[in-house]
Amino acid sequence: MLQVISLGSPQVVELASGDTLRVVIAFGYRGPAQRLTLYAAIGNLGFFGFDEIISVQSPLDLPASLESFTACNESIDIPITGAIAPGMGYDLMSKISEYQSQTEVRVADVINIVGAPSPWSGITSVMVMAMMMAMMGQFMPMGQD
Amino acid sequence: MNIQTLQVLPAQYPGYALYYPLSSVIEVRNGDKVRITVGYSYRGPAKTLNLYGAIGVQAVWFDEKVNASRQISLPESTSWITRSDYVDITIDTTKISAGSGYDIYAKIMEGSSDRVISPVVYDVITVLSAAAEFQNFQISTWSKV
């Protein structure tokens with residue numbers, strides 16, 4: 001199968017909790033009319049596959065196209081929730097669940113999540129600092145009487 | 001020798017046959033059978049010959065995609081007798097891909113020798129795809145909405 005790819009840098013989208021990302025998927029379809037499942041996720045592409053953080057799915061009605069390929073453009077919205085931590089370089093994945101091996105595609109490093117860092121992460125840093133200082137205090141004399 | 005009629009024996013409905021006028025295009029799916037009925041005149045000794053039919057594309061030569069043959073028994077006759085016989089060709093989409101404009105022809109063979117060949121009937125078979133196929137599946141755009 002011939003795949004045409006863009007050699008330019010992919011567009012990076014900045015999102016925050018509460019935003020919605022619209023993903024548009026294009027493909028040619030040949031086969032009977034049927035209802036399938038369009039699936040999309042934001043996550044991290046790693047050595048062991050795609051680690052999904054937020055995923056959505058929606059019904060996809062494909063038309064009967066028995067003789068030739070019909071061009072299809074479908075979109076799916078991914079709501080950004082607090083489940084995904086602020087960070088850069090998240091990846092995007094989409095597929096038709098019933099035909100995963102034929103359809104799964106990924107785009108790397110295209111989503112940045114912006115926003116205030118979690119208050120828990122600040123508390124954790126303070127706690128670590130405090131523990132380190134306490135440990136240092138045990139080994140280092142603070143003053144001579 | 002001429003191709004007289006075409007019928008489809010659908011795999012989905014065993015025991016049924018669909019009749020088509022010769023000028024119409026027949027749509028078939030994987031597992032269906034196309035029955036080619038030929039008419040011819042015969043004079044000669046009693047013989048057992050093979051009626052052979054093929055579906056393919058007529059170019060410089062006939063590029064056969066699927067074919068079948070069937071034994072026919074001809075009675076001894078000192079005068080010309082008019083006969084008709086048929087051969088069933090099974091549609092196997094691993095050999096003939098989905099598409100339109102396929103041609104057919106038939107012939108009577110004695111051993112490996114062609115005794116009589118019918119004219120080619122053009123653009124009469126369309127093979128429909130039953131399985132879902134996807135082409136160039138890709139994430140085309142992603143944006144905040």
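**Close-up views of chains A and B**

**View 1. Pairing of β2(A) with β11(B) in the predicted model.** Leu21(A) has Lys144(B) of β11(B) as its bridge partner. The two strands, β2 (residues 20–31) of chain A and β11(B), run antiparallel and are joined over nine bridges.

**View 2. The side of chain B that touches chain A.** Contacts link 22 residues of chain B with 31 residues of chain A. On chain B, at least two residues of this side come from each of β8 (99–110) and β11 (133–144). β11(B) gives the largest share, 12 residues. By residue class, this side of chain B comprises 10 nonpolar, 10 polar and two charged residues.

**View 3. The largest nonpolar core.** This core holds 27 residues. Val28(B), Val34(B), Ile36(B), Ile55(B), Ile125(B) and Val127(B) have the most contacts inside the core. Two or more residues come from each of these elements of chain B: β1 (2–9), β3 (26–28), β4 (33–44), β5 (47–58), β7 (77–90), β8 and β10 (121–127). With five residues, β8(B) supplies the largest share of this core.

**View 4. Surroundings of Ile125(B).** Leaving aside residues up to four places away in sequence, Ile125(B) touches Ile26(B), Val28(B), Val34(B), Ile55(B), Tyr102(B) and Ile104(B). Of these partners, Val28(B), Val34(B) and Ile55(B) are, like Ile125(B), among the residues with the most contacts inside the largest nonpolar core.

**View 5. Another core, apart from the largest one.** This core has 21 residues, and residues of both chains belong to it: among them are Leu21(A), Tyr90(A), Ile96(A) and Phe137(B). Leu21(A) is also the bridge partner of Lys144(B) in β11(B).

Definitions and conventions:
Residues numbered from 1 in each chain as written. Chains lettered and ligands numbered in written order. Predicted model: local features only at pLDDT ≥ 70, side-chain atom pairs only at ≥ 80, totals over all residues. Contact = placed C-beta atoms within 7 Å. Helix = DSSP H or I, 4+ residues; strand = E, 2+ residues; numbered from the N terminus. Nonpolar A, V, L, I, M, F, W, Y, C, P; charged D, E, K, R; others polar. Pairing = 2+ DSSP bridges. Core = buried A, V, L, I, M, F, W, Y, C linked by C-beta atoms within 7 Å. Buried ≥ 20, exposed ≤ 12 C-beta atoms within 10 Å, placed from the backbone.
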